[in-house]
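Subject: Structure handover

Hi,

Here is the structure I promised to pass on to you.

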Amino acid sequence: MQIVKLGGSVITRKGGFEKANSPALRALCKEIAYARKKSREPLIIVHGAGSFGHPHVLKYKIRNGVRTPLQAQGFAKTHQSVQKLSALVASELMRAGVPCASIPPLAIVRTKNKKITEFCTDAIDSLLSLGITPVLYGDVVIDDALGGCVLSGDAIISALAKKARRLVLFTNVDGIYAGKALVREINSKNAPSILMHVGNSNHADVTGGMRGKLLELLKAKKPAFIANGSKPHVVRNVLLGKNAVCTRIN
Ligand SMILES: Nc1ncnc2c1ncn2[C@@H]1O[C@H](COP(=O)(O)OP(=O)(O)O)[C@@H](O)[C@H]1O
Ligand SMILES: [Mg+2]
């Protein structure tokens, strides 16, 4: 099984407000469908929120908790917005030939001080055994200390990693750069020096951007690949385990 993340930076226009990048999403879903058919390997899809989640989180200031009625409204708006994006993702996957169903993380995950304390994976497991691809996403969830918090797609991947053989994260760059050079492999030895080069996103990304992604993947203890989701041949090759430009994290 592979867990595949569709980065918010690929499937949405991160500079905008609730703007999907429909051509990129469609192309990505086609390649995923192709690779899935060819390899016959089941997938779990996780997608980011991009311009559907981050602007609400910033506007209503719900990054560090949900306490006031206004923040409660922000929590609800954020959830509604990421659900809308997930419906778009699911319909593009179905159109490309991948039977899938979107599961709201809000309904199956709880956190305490932003750390996952409960993750009920029954629905994910049951869908997989029916041959249906589960789709999860960056969402707001109930937090037993903070009221609510934002759970990134990257954190979901790391929490589900033990179910998978490998993790593949598609984003809007070819991988992780140290200065101008693309780093082809990151392991526990070179990670500290590479982390010095890794920052957030160019756009609003309330979940830590590339830095947050790398930190989650180092925790995951499964081979992980960060690759460019706007390059169809790269998507196909990475999913099929063929040579492709990307960063591998061990
Ligand atoms: N060292 C780095 N290598 C690659 N990207 C980096 C680095 N430091 C910061 N970034 C930024 O991280 C962005 C990808 O993270 P993010 O926007 O969170 O993607 P996603 O939407 O896929 O989660 C890149 O577009 C880039 O602007
Ligand atoms: Mg991100």
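Predicted model: local features only at pLDDT ≥ 70, side-chain atom pairs only at ≥ 80, totals over all residues.

Let me begin with β6, residues 133-137. Of its 5 residues, 5 are buried, so the strand is largely enclosed by the rest of the structure. In a regular strand, side chains alternate between the two faces of the sheet. You can follow this along β6: Thr 133, Val 135 and Tyr 137 point one way, while Pro 134 and Leu 136 point the other way, and all are buried.

Which strands are joined to β6? One is β2 (residues 43-47), which runs parallel to β6 and is joined to it by 3 bridges. Within that pairing, Val 46 has Leu 136 of β6 as its bridge partner. Another is β3 (residues 100-102), also parallel to β6 and connected through 3 bridges. Here Cys 100 has Thr 133 as its bridge partner in β6.

**The nonpolar core**

In soluble globular proteins, nonpolar side chains tend to be buried together. The largest nonpolar core in this model has 67 residues, and the members that touch the most others are Leu 28, Ile 45, Val 135 and Val 168. Leaving aside residues up to four places away in sequence, Val 135 touches Ile 45, Ser 86, Val 89, Ala 90, Leu 93, Cys 100, Ala 101, Ser 102 and Ile 103.

**An open sheet of four strands**

There is also an open sheet with 4 strands in the order β5-β4-β7-β8, and its pairing is mixed. The edges are taken by β5 (115-119) and β8 (147-151); each has a single partner strand, so one side of each is left without a neighbour in the sheet. On average, neighbouring strands in this sheet are turned by 45 degrees against each other, direction ignored.

Inside the sheet, β4 (residues 109-112) and β7 (residues 139-143) run parallel and are joined by 2 bridges. Thr 111 finds its bridge partner in β7 at Asp 143. Helix α4, residues 69-96, packs on this sheet and touches β7 and β8, with its direction at about 140 degrees to that of β7.

**Around ligand 1**

This part may interest you for your own work. The shell around ligand 1 holds 19 residues, of which Gly 7, Ser 9, Thr 171, Ser 201 and Met 210 come nearest. By class, the shell splits into 5 nonpolar, 12 polar and 2 charged residues. Both α1 (8-11) and α9 supply at least two residues of this shell. The largest share, 3 residues, comes from α9.

**Two lysines to look at**

Most residues other than glycine have a negative phi. Lys 61, however, has a positive phi of about 50 degrees. This residue lies in the loop between α3 (54-59) and α4. Is Lys 61 exposed or only partly exposed? Lys 61 counts as partly exposed, because it has 13 C-beta neighbours inside 10 Å.

Lys 221 also has a positive phi, of about 60 degrees. You will find Lys 221 in the loop between α9 (209-220) and β13 (224-228). With 11 C-beta neighbours inside 10 Å, Lys 221 counts as exposed.

Best wishes

Conventions. Residues numbered from 1 in each chain as written. Chains lettered and ligands numbered in written order. Pairing = 2+ DSSP bridges. Axes fitted to C-alpha atoms, helices over the stretch in contact; angles between N-to-C directions. Contact = placed C-beta atoms within 7 Å. Buried ≥ 20, exposed ≤ 12 C-beta atoms within 10 Å, placed from the backbone. Core = buried A, V, L, I, M, F, W, Y, C linked by C-beta atoms within 7 Å. Near = placed C-beta within 6 Å. Nonpolar A, V, L, I, M, F, W, Y, C, P; charged D, E, K, R; others polar.
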